[in-house]
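Subject: Structure handover

Hello,

Here is the structure for you to look at. Please open it beside this email.

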Amino acid sequence: MAEKKRFTEIDALRGIAAIVVVLYHYIVFYDEKFGHIKENYIDILSFGHYGVQLFFIISGFVIYMSVLKVKSTPDFLTKRAIRLYPTYIFAIIVTFIVVGISSVDTLKAGVADMFINMTMFQDFFGVKNVDGVYWSLRVELTFYLLMALLLIFNLQRRVMLFTGVWLAASALIQITNGLAGNETTALIEKFSMSNYCQMFIIGIMFYYIWQHGSHLKYHLMIALSLIYDFSFEGFTNGLFTVFFIAVFYLVLNNKMQWLKSDTLVYLGALSFPLYLIHQNIGYVIIQKLESLGYVHEVFLVVPLGISLVLAHLIRHYVEKPSHNVLFKLYKERQTAMLNVSR
């Protein structure tokens with residue numbers, strides 16, 4: 001059966017998740033970290049941080065699709081690096097400069113921190129993130145490395161075996177940490193991404209349902225992932241996962257055609273630079289506005305608008321051009337190596 005092409009609803013969902021996370025940071029997380037000056041500040045999207053769960057489900061879907069298309073482990077890792085690093089490094093530089101010239105000292109990172117952040121491995125070394133949202137990149141990187149291992153051992157198509165072992169191993173890690181509760185087990189739990197494996201597995205299963213039809217084994221793995229979520233991550237977490245699963249079922253059954261809106265799809269295209277650029281820069285803007293007396297919630301349109309404009313500029317003047325150049329160079333290198341081997 002010919003492989004289906006990527007559909008636009010996934011991009012739209014990513015865009016919606018990005019906006020929800022941005023508003024959560026500006027409304028709820030900012031209040032927890034600094035405190036809005038205005039009393040009775042609007043209290044919506046208090047569960048907005050669960051939008052990151054949707055990101056991870058989408059990542060499971062999209063990245064596994066990529067894994068099945070690449071030629072080798074180096075091919076997969078190189079393509080991932082090309083897609084992520086130019087945008088990421090530019091966002092680090094912009095955030096570092098803006099925060100550095102601001103008066104918000106608690107957000108500032110050192111020059112050494114900035115350069116270590118550029119590796120994207122700073123969280124593994126206990127180095128401060130230039131922007132708080134970068135914590136999720138550690139989870140994504142761990143997932144990529146796991147996918148690389150699948151490619152090395154040629155297990156990428158043994159999806160039920162792989163996801164079953166992954167879920168079981170993660171459950172063992174969580175149980176061990178729950179029983180022992182020491183620093184070592186806590187670190188293993190953190191860096192094994194056992195708190196989020198179920199999200200990626202759900203995304204992978206939905207990819208297989210989309211490609212190969214509604215086989216019982218895929219639904220059973222989604223059900224096991226959901227049980228895992230309720231068991232280890234809590235009732236509220238599980239309820240949001242149920243909601244996201246329902247959304248994916250609707251999407252796969254063509255029940256959410258409104259997601260094909262050009263605006264939402266474009267928002268999805270902006271989601272990565274928007275996610276990277278919005279938090280600390282937004283906090284600097286909010287603090288400045290509130291210090292000038294602009295304390296009403298309506299003024300959140302300013303940091304949101306600036307973040308969207310920055311994301312648009314990064315998309316068109318950094319992300320797309322760098323992808324075009326680097327993918328062209330990579331393709332030329334592959335062609336040259338192929339010619340030499342002949």
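Below is what turned up, from the whole chain down to single residues.

First, the ground rules. This is a predicted model, in which local features need pLDDT of at least 70, side-chain atom pairs count only at pLDDT 80 or more, and totals for chains, interfaces and linings use all residues. Residues are numbered from 1 along each chain as its sequence is written, and side-chain values use heavy atoms, with hydrogens and water left out.

The whole chain

The chain has 13 helices and zero strands. Helices (H or I, at least four residues) and strands (E, at least two) are DSSP runs, numbered from the N terminus. For 342 residues, a compact globule would have a radius of gyration near 20 Å, and the chain agrees at 21 Å. That radius is taken over C-alpha atoms, and the globule rule is 2.2 Å times the number of residues to the power 0.38. Along the principal axes, the C-alpha atoms fill a box of roughly 60 × 50 × 45 Å.

Of the 342 residues, 49% count as buried. Buried means under 20% relative accessible area, exposed means over 50%, and partly exposed is in between (1.4 Å probe, protein chains only). The accessible surface comes to about 16600 Å², and 66% of that belongs to carbon and sulfur atoms. These areas come from the Shrake-Rupley method with a 1.4 Å probe; for residues, only the protein chains shown count as cover.

Contact means heavy atoms within 4.5 Å. Among contacts between residues at least 6 apart in sequence, 76% join residues at least 24 apart.

Covered places

Look at Thr87 in helix H3 (residues 73–100). Thr87 is buried, at 0% relative accessible area. Leaving aside neighbours within four places in sequence, Thr87 is in contact with Phe272, Pro273, Leu276, Ile314, Val318 and Glu319.

Helix H12 (residues 279–291) is mostly covered, with ten of its 13 residues buried. Among them are Gln279, Asn280, Tyr283 and Glu290. H12 reaches 18 Å from its first C-alpha to its last, close to the 18 Å expected at 1.5 Å a residue. The expected span is 1.5 Å times one less than the number of residues. Just after H12, Gly293 takes a positive phi of about 100°.

A nonpolar surface patch

Leu149, Ile152, Phe153 and Leu155 form a nonpolar patch on the surface, with about 390 Å² of accessible area together. Patches are made of residues with over 30% relative accessible area and no salt bridge; like charges are joined within 9 Å, nonpolar side chains (Val, Leu, Ile, Met, Phe, Trp, Tyr) within 5 Å. A salt bridge is a side-chain nitrogen of Lys or Arg within 4 Å of a carboxyl oxygen of Asp or Glu. Leu149 lies in helix H5 (residues 135–152) and is partly exposed at 45%.

Two positive phi values

Most residues other than glycine have a negative phi. Asn154 is not a glycine, yet has a positive phi of about 55°. Asn154 sits in the loop between H5 and H6, and counts as exposed at 58% relative accessibility. Met193 also has a positive phi, near 55°. Its place is in the loop between helix H7 (183–191) and helix H8 (197–212). Is Met193 buried or exposed? Met193 is buried, with a relative accessible area of 1%.

One last spot

Ile175 lies in helix H6 (residues 159–180). Ile175 is partly exposed, at 42%. Thr185 is ten residues away along the chain, and the two C-alpha atoms are separated by 9.7 Å.

Best wishes
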